[in-house]
Amino acid sequence: MTDAFDAVLPAQLPAPQEATAYAPSNIALSKYWGKRDAGLNLPLNSSLSISLAEWGTTTTILPADRDEVSLNGEVLDPASSFATKVVAYLDRFRRGQTLPVRVETVNTIPTAAGLASSASGFAALTKAIDGAFALSLPEAQQSMLSRYGSGSATRSFWHGFVRWDRGADPAGMDSFAVPVEAPWLDFRIALIKVDTGPKAQSSRDGMGHTVATSPLFPPWPDRAEADCAAIEAAVRAQDFATLGALAEANALAMHATMMAARPALTYLKAGSWQVLEALWQARAEGLEAYATMDAGANVKLIFLKEAGADVRRLFPAAEIIDPFGYSP
Ligand code: DP6
């Protein structure tokens, strides 16, 4: 089978030069949960996200005498899980060539928000590698390769709405993301911090356990594929009520598959449910905002600009993001 890296990279990489790249984090409105091939990191279903503008990761690569990885200014132990993952990903590009580099990763997401993600990290790393080794790969190919770092990274190469197509090629060459050209200037996201501690289980392990043991998982891939198409249609039509209801239902259905896993898996905490109950109460009274949650306890709301003051009143500590208001 074609190796994706051999297929798109030159046989020999040039000596590295300094390169810096930024990638925004993203939140899926239609979730990726479950792999059809763990080795190639291929998803069972397509997914659709919104990028988080200036919340993301900046990565710089510099020539060095030996590999070195730093995170937010601190040089990491090479045996740490972060450094190991970064070097393993670099090795996929280097394919045995001795090209040591220093990788400096800075998350612009406030660490306290507990939302720093592998999505922006692997997307920024891929872009920095592309620059450092003068690859000039098209973004679609960079997105495809970033999948080997983390699936959600495929969606972090663009601002705005982005769709990751599951693809059909057994080698995964067609499983990458594409931007959904549908700017929606009034679209807003609120991040509601519930818990910033380390998560109980990585999303990778959590989805593996769910696929392997949850009796509610089998209907998920088809449902998620249908949700993804319907959510994209609602984005393109700027039909906020339909989009919000679908995104919230999709997130809760994903969490339901986890709760039915054996043993049960849940990332949601009492505080997450309190946020949901307050939201549902406010929605019954007319607030147009909807929730989505990932492999963690924090809750993200989506709403339109005109609901901003009410969201702020209900959740005074929320961080509000204007996904189309970034300055490149
Ligand atoms: C719940 O992209 O972190 O956030 O591909 O194993 O690295 P790996 O998983 P990852 O999973 C993200 C899961 C999710 C939903 C989503 O972002 O679509």
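Modeller: Let's start with a term: a salt bridge is a side-chain nitrogen of Lys or Arg within 4 Å of a carboxyl oxygen of Asp or Glu. Between domain 1 and domain 2 the count is two salt bridges. A word on the source: this is a predicted model, where local features need pLDDT of at least 70 and side-chain atom pairs count only at pLDDT 80 or more, while totals for chains, interfaces and linings use all residues. Residues are numbered from 1 along each chain as its sequence is written, and side-chain values use heavy atoms, with hydrogens and water left out.

Colleague: Why is the meeting of Arg-163 and Glu-232 called a salt bridge?

Modeller: Their side chains come to 2.8 Å, N to O. The rule asks for a Lys or Arg side-chain nitrogen within 4 Å of an Asp or Glu carboxyl oxygen, so the pair qualifies.

Colleague: How do you know where domain 1 and domain 2 lie?

Modeller: The bounds come from an automatic or database domain assignment, which gives 4-180 for domain 1 and 187-321 for domain 2. Their centres, taken over C-alpha atoms, are 24 Å apart.

Colleague: What makes residues of domain 1 and domain 2 count as in contact?

Modeller: Contact means heavy atoms within 4.5 Å. By that rule 29 residues of domain 1 touch 39 residues of domain 2.

Colleague: And what is the area buried between domain 1 and domain 2?

Modeller: It's about 2,800 Å², with carbon and sulfur atoms giving 71%. Buried area is the accessible area (1.4 Å probe) that two parts lose on being put together, summed over both. In domain 1, Leu-29, Lys-31 and Trp-33 lose the most area to domain 2, together 31% of what that side buries.

Colleague: What makes a residue count as being around the ligand?

Modeller: One of its heavy atoms has to lie within 4 Å of the molecule. There are 17 such residues, and Tyr-32, Lys-35, Ser-150, Gly-151 and Ser-152 come nearest.
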